[in-house]
Amino acid sequence: MARRAYVKVVVEVSTEGRVRPLSVEWEDGRCFEVNRLLDVRRAAATKAGGQGMRYTVRILGRETYLFEDEGRWFVEARA
């Protein structure tokens with residue numbers, strides 16, 4: 001089972017209130033630019049439990065889910 005790995009996220013908020021993640025800092029301090037935002041929807045984190053806004057993003061050519069839940073950001077990481 002996966003766990004929640006809380007990460008730091010730099011975001012841009014539009015004048016309409018839309019949130020766009022720009023970069024993610026992993027637990028180990030590595031920082032990655034979000035190359036593309038592919039999708040945003042309310043969804044469950046099926047592997048790590050819980051729910052929130054799920055951002056499907058492309059980082060280094062790979063798609064991954066980035067979740068925002070009550071102001072905290074996390075990814076699903078291996079336990």
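A search of the whole structure, which is a predicted model, finds five aromatic pairs. Rings of Phe, Tyr and Trp (its six-membered ring) pair if their centres lie within 6.5 Å; planes under 30 degrees apart are stacked, those over 60 edge-to-face, and the rest tilted. The pair of W26 and F32 is edge-to-face because the ring planes stand at 75°, with the centres 5.4 Å apart. W26 is partly exposed at a relative accessible area of 26%, whereas F32 is buried at 16%; buried means under 20%, exposed over 50% and partly exposed in between, with a 1.4 Å probe and protein chains only. Elsewhere, ring pairs join Y6, Y65, F67 and F74 into a cluster.

A charge sits over a ring if NZ of Lys or CZ of Arg is within 6 Å of the ring centre and within 35 degrees of the ring normal.

| Charged residue | Ring | Distance to ring centre |
|---|---|---|
| R4 | F74 | 4.3 Å |
| R54 | Y65 | 4.3 Å |

The model has an open sheet of seven strands in the order β3-β2-β1-β7-β6-β5-β4, with antiparallel pairing. Strands are DSSP runs of E, at least two residues long, numbered from the N terminus, and two of them pair if DSSP finds at least two bridges between them. At the edges lie β3 (31-33) and β4 (36-44), each pairing on one side only. On average, neighbouring strands are turned by 40° against each other, direction ignored; the axes are lines fitted to C-alpha atoms. Six bridges connect β1 (residues 2-13) with the antiparallel β7 (residues 72-78), and A2 has R78 in β7 as its bridge partner.

The largest pocket holds about 690 Å³ of space. A pocket is an open set of points on a 1 Å grid where a 1.4 Å probe fits, with protein on both sides within 12 Å along at least five of seven lines; lining residues have an atom within 4 Å of a point. The volume is the space filled by probe spheres set on the points. Of the 20 lining residues, W26, R62, T64, V75 and E76 lie nearest the centre. The elements that give two or more residues to this lining are β1, β6 (62-69) and β7, and β6 gives the most, with five.

Residues are numbered from 1 along each chain as its sequence is written, and side-chain values use heavy atoms, without hydrogens and water. In this predicted model, local features need pLDDT of at least 70 and side-chain atom pairs count only at pLDDT 80 or more, while totals for chains, interfaces and linings use all residues.

Note on methods. Helices (H or I, at least four residues) and strands (E, at least two) are DSSP runs, numbered from the N terminus. Axes are lines fitted to C-alpha atoms, for helices over the stretch in contact, and angles run from 0 to 180 degrees between N-to-C directions.
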